[in-house]
Amino acid sequence: MTEEQAAALTREICQLYFVERDYSKLMNYISKDIIWIGARGKENFNTFEDLQVYLQNEKEFYEGSFQLANEEYHVLEITKDVICVLSCMDVCTPPEVEPVFTEHIYFTTIYHREDKEWRVLHIHNSFADGVGRKTAAAEDSRYCRDFLMIKEEAFRLAAREVEEVRKLDALTGIYNVEGFVECMESILLDDSFGHYAILKFGINQFRYLNHVLGYRTGDTILREIASNLKMLCGEREVCARIEKDNYAILLRYENREELDQRIEGFWEHFISRETEAALDIKVHFTGGVCLIEPGSRDSAKQMLDKAMLAQNYRKSRKWENHYVYYEPEMERNQLREQELVETARYAMRRNEFSMYFQPQIFLDTGEVAGTEVLVRWVKPDGRIVMPDEFIPVFEHTGFIKTLDFYMLEKLCSHMRKWLDEGLDVCPVSINQSRLHLEDQHYVEQFCSVVDRYRIPHDLIAFELTESAFTEYDQMIQRLATELHFYGFRLDIDDFGTGYTALNLLMQIEPDVLKMDRSLTANYQNPRGNLVLKKMIEIAKETETTIICEGVEYQEQEAYFKHLQCDIAQGYYYYRPMPEEEFVTRILKRKS
Ligand code: C2E
Ligand code: CA
Ligand code: CA
């Protein structure tokens, strides 16, 4: 904000307060943390609500409006977050109101930037002449002296406020990372023999929640967690919002068992049942804990980083608990994984990632029903690296999203070529990581790649592994709706390995269930047999196609034929094959 704008803003506030007396409009400019010092040191308020009540009463008391004369607006301080303006003016009662008076007023306003809006954090309203009429000269010098005094005070106040505000999180009012680190350091310094731990945690799928519930509700959730977290803080403990949907708490503990119990108890307390019920959501958390050895030489920031590393570790892997403890091994792992991703990035530019195709067969006719495309990393020396060796790492690091789009682009460009050559192209299913679910515009992006190559949508099936369902339960529905809207097929991969609730499955209406290899391999054991039968029954009733994965023997085929499964895929028919082979053996023969 420029000085002119700050002066104009203050003029507007003075107009609203003294002249228009439009207090409801005025309150829009006032911070929730207002400190209001009224004239003659009376009528002081430090809560928004008290001020609101006072202004309401004042409005009823005074009729008509004041008039302002000789206004001056001096911008004393202007920084990125704080502005201080001293206004001097004569406030006169309108002629029709008795008793008539004119007061010379100093009006200090300190603004603070909150969520990109400038709000009044402090108002000091004082009379230049509180006693009575004085000579003009005395008044002027007083004015000058007071001006300087007030200016000094305003500077001090502004400086202190800037200092305080710097440490606080504007949205929630609890500490931000700077405040947390500072406070934590002083606690640890005072109590160097105590056992401490940092728990850092975040809200799962917060971006999505924010998107569906709206940012306002998102903010309410963030505030509620902050205030509950604060209540969970004991003596010599401190909490903060570190960034976005991430919080930290410094915990003092006696032994690990007690610490675990306490942390386990936390998750239920961050958000009240009422809020969850009102919003019709369940909020889940993921955390990491760093134990602080007494006398540790790590800085507070380093310890916080360790807790964050543990949190990220937990986030990228399936785990029973909501949180894990930091281990030095995590750091080494992270380094190794980053190195692998760097190599992969380079490899991608050198075209080392290839497509392999594994046809799928109609069990009744033996014809090719479609194919799955699987990635292979072909090293310059011809060695083939299998997905199991790199996909998990790509998932931990997020690089899988880049790879998936790379594979999609490659597939579409090849399909375009096949179509142009007049080949009878069968539907191709492509594996997509669950991580995409976090991206709001993912399906649009997916669709735009497919459309760029003018591939009919019914030739593309989208494979998503069932394990995504438990973790991303709230986003799956949207994904399914969007995919179906665009006319893509949705296949649930590795079905039978997760714990998808039946009702969720009903809502999503997938087109295909791909029975996981672990199930099809165990068809002879009574339990496996029962599970398979039941699943196939449900699929038939809901008109969902079944693909049996990992069919390796003739007996397996006979069994699935008997159960009237639709499609099979496995080494018994074809192993995954490179593109040229797929084109000559399958597509050309089909055509
Ligand atoms: P998936 O999606 O379950 O793929 C099927 C896997 O089973 C493939 O392993 C395939 O080669 C293997 N397979 C097929 N038939 C048989 C059989 O009869 N017996 C046995 N023992 N195995 C069989 P692959 O190619 O090693 O891929 C492993 C996993 O990597 C895939 O499992 C998939 O989850 C993932 N993946 C592969 N390509 C991609 C990709 O482009 N993107 C993503 N996100 N994941 C991929
Ligand atoms: Ca698959
Ligand atoms: Ca599978």
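**Exercise 1. Start from lysine 200 and find its bridge partner in E9, then follow the pairing on both sides of that strand.**

Solution. In this predicted model, lysine 200 has glycine 288 as its bridge partner in E9.

Step 1: look at the strands behind this pair. Strand E6 (residues 195-203) and E9 run antiparallel and are joined by eight bridges.

Step 2: stay with glycine 288 and turn to E10, where valine 324 stands opposite. Here the two strands, E9 and E10 (residues 323-325), run parallel, with three bridges between them.

Step 3: check how covered E9 (residues 285-292) is. Buried means under 20% relative accessible area, and seven of the eight residues of E9 are buried.

**Exercise 2. Describe the shell around ligand 1: how many residues surround the ligand, and which elements each supply at least two of them?**

Solution. Step 1: count the shell. Ligand 1 is surrounded by 24 residues, and Arg376, Asp404, Asp493, Glu552 and Tyr571 are the closest.

Step 1: Ten are nonpolar, five polar and nine charged.

Step 2: trace them to elements. At least two residues each come from strand E12 (368-378), helix H12 (387-397), helix H13 (400-420) and strand E16 (489-495). E12 gives the largest share, with four residues.

**Exercise 3. Find polar atoms of the protein that lie within 3.5 Å of N or O atoms of ligand 1.**

Solution. A polar side-chain atom of glutamine 358 is 3.0 Å from a nitrogen atom of ligand 1, while for valine 375 a backbone N or O atom lies 3.2 Å from a nitrogen atom of the ligand.

Step 1: The side chain of arginine 376 places an N or O atom 2.8 Å from an oxygen atom of ligand 1.

Step 2: finish with the cover. Of the 790 Å² of accessible area that ligand 1 has on its own, the protein covers 86%.

Terms used. Residues are numbered from 1 along each chain as its sequence is written. Chains are lettered from A and ligands numbered from 1 in the order in which they are written. This is a predicted model: local features need pLDDT of at least 70, side-chain atom pairs count only at pLDDT 80 or more; totals for chains, interfaces and linings use all residues. Side-chain values use heavy atoms; hydrogens and water are left out. A residue is near a molecule or strand if one of its heavy atoms lies within 4 Å of it. A polar contact is a pair of N or O atoms within 3.5 Å; within protein, one must be able to donate a hydrogen and the other to accept it, and residues adjacent in sequence count only if both atoms are side-chain atoms. Accessible areas come from the Shrake-Rupley method with a 1.4 Å probe; for residues, only the protein chains shown count as cover. Ala, Val, Leu, Ile, Met, Phe, Trp, Tyr, Cys and Pro count as nonpolar, Asp, Glu, Lys and Arg as charged, and the others, Gly among them, as polar. Buried means under 20% relative accessible area, exposed over 50%, partly exposed in between (1.4 Å probe, protein chains only). Two strands pair if DSSP finds at least two bridges between them.
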